[in-house]
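Reader: Could we go through this structure together? I would like to begin with the ligand.

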Amino acid sequence: MKPIKVGLLGIGTVGAGTFNVLKRNQQEITRRAGRGIEITMVADLNTERARELTNGECEVVSDANLVVNHPDIDIVIELIGGYGIAKDLVLKAIANGKHVVTANKALLATHGNEIFKAAQDQGVMVAFEAAVAGGIPIIKALREGLTANRIEWIAGIINGTTNFILSEMRDKGLDFDVALKEAQRLGYAEADPTFDIEGIDAAHKATIMAAIAFGIPMQFEKAYVEGITTLQATDILYAEELGYRIKLLGIAKRAHVNGQEGIELRVHPTLIPEKRLIANVEGAMNAVLVHGDAVGATLYYGKGAGAEPTASAVIADLVDITRLATADPEHRVPHLAFQPDAMTDTPILPMSEITTSYYLRMHVADLPGVLADVTRILADASISIDAMLQKEPAEGESQTDIVILTHQTQEKNIVAAIAKMEALSTVVGKVIKIRLEELS
Ligand code: HSE
């Protein structure tokens, strides 16, 4: 059979990795796919570099429209990123009857519903393994491997930059700003790290996982997003004393509020027991913990970024598409795991309605009755205390830190209790609140 022809949009780090791995493992990949897979066209604004990287082995153009409109191209790989031009090109490729492979989580989390609808109408595939957790085949696992399960929850370390920063903060006792600079110096964080450190990149990935785990549309705008920029080294230290690590988790979870089903979709720093495997995922690595009703907990670990790990996911999609290209569209794996007419409108819960445990740290006057006042507020709100840590005041100081871990409660209850604590004359400044998940 003739090789399937692929057009690559953007030959940066991942694009070059894809070109190289495809070439290096061509024989193995062809044996698996049943026919050759050839990148025959590359579009990149830097045509000179693109020619160097591809050694004159394919046509290089600067206008990506030439690729998505080319009649010989069967699959378009979109590695441009962002929501602007990438969206136009993906929609044009689909309209031209081409299959699409993309690593673009921002695009799918924000415009995925429109893109998948267009693909459905055209009978083409849009594959996106590389969009979540780089080289970890988490989309495959959620969409196919775990298809027997009712998925209960997902909790993932799905941003390597922030995990690297948090590891540095814990290992070396660094403050956030210093750890960020170190991450930038070593190339783990970009010059503009906003998407990573503010939790936006993780929220894009959590949105995609929630859609395929629960059969709901992409709803990035309803995700709660909190990054790591205000996290203090002190809290990482106290968490450790209590047997916990702090990780930036992307969480997607089924929940019931007043008898109604809802979905929690949230990204925030989270205390997790240090004995959990996922708590020990260090540096720039990623891991995703998925709980299905039949299988129980399963854990997926690996590199969430980088040229060849991400290329591994891109090429897996190319092989999938090559195998299924001649199949009747009705018999392919649905884009979002569930049949398009079987999606549900289970609502994403507002943050006030989510249920979790909490770490609270407050700076207080070291006076009789202060602890009693604080615990009374929690008791009045029916919030049960799980553990507590009180520090000796430093030499010559009359104030100290109290740390409290609570059992589960709704976010609105803890927010109201914190407001009452902050109103006490003996509580100095703001109460620090970090969510805690036992992940058991
Ligand atoms: N910037 C991401 C990370 C990788 O730090 O994990 C691409 O999504």
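**The ligand and its surroundings**

Author: Helix H8 (160-172) and helix H11 (200-214) each contribute at least two residues to the shell around the ligand; helices here are DSSP runs of H or I with at least four residues, numbered from the N terminus. This is a predicted model, in which local features need pLDDT of at least 70 and side-chain atom pairs count only at pLDDT 80 or more, while totals for chains, interfaces and linings use all residues. Residues are numbered from 1 along each chain as its sequence is written, and side-chain values use heavy atoms, with hydrogens and water left out.

Reader: Which residues surround the ligand?

Author: They are Lys-105, Asn-159, Gly-160, Thr-161, Asp-196, Asp-201, Lys-205 and Ala-305, each having a heavy atom within 4 Å of the ligand.

Reader: How much of the ligand's accessible area does the protein cover?

Author: The protein covers 81% of the 260 Å² that the ligand has on its own, by the Shrake-Rupley method with a 1.4 Å probe.

Reader: Changing topic, how far apart are the C-alpha centres of domain 1 and domain 3?

Author: Those centres are 51 Å apart. Domain 1 spans 4-134 + 307-342 and domain 3 spans 354-436, with bounds from an automatic or database domain assignment.
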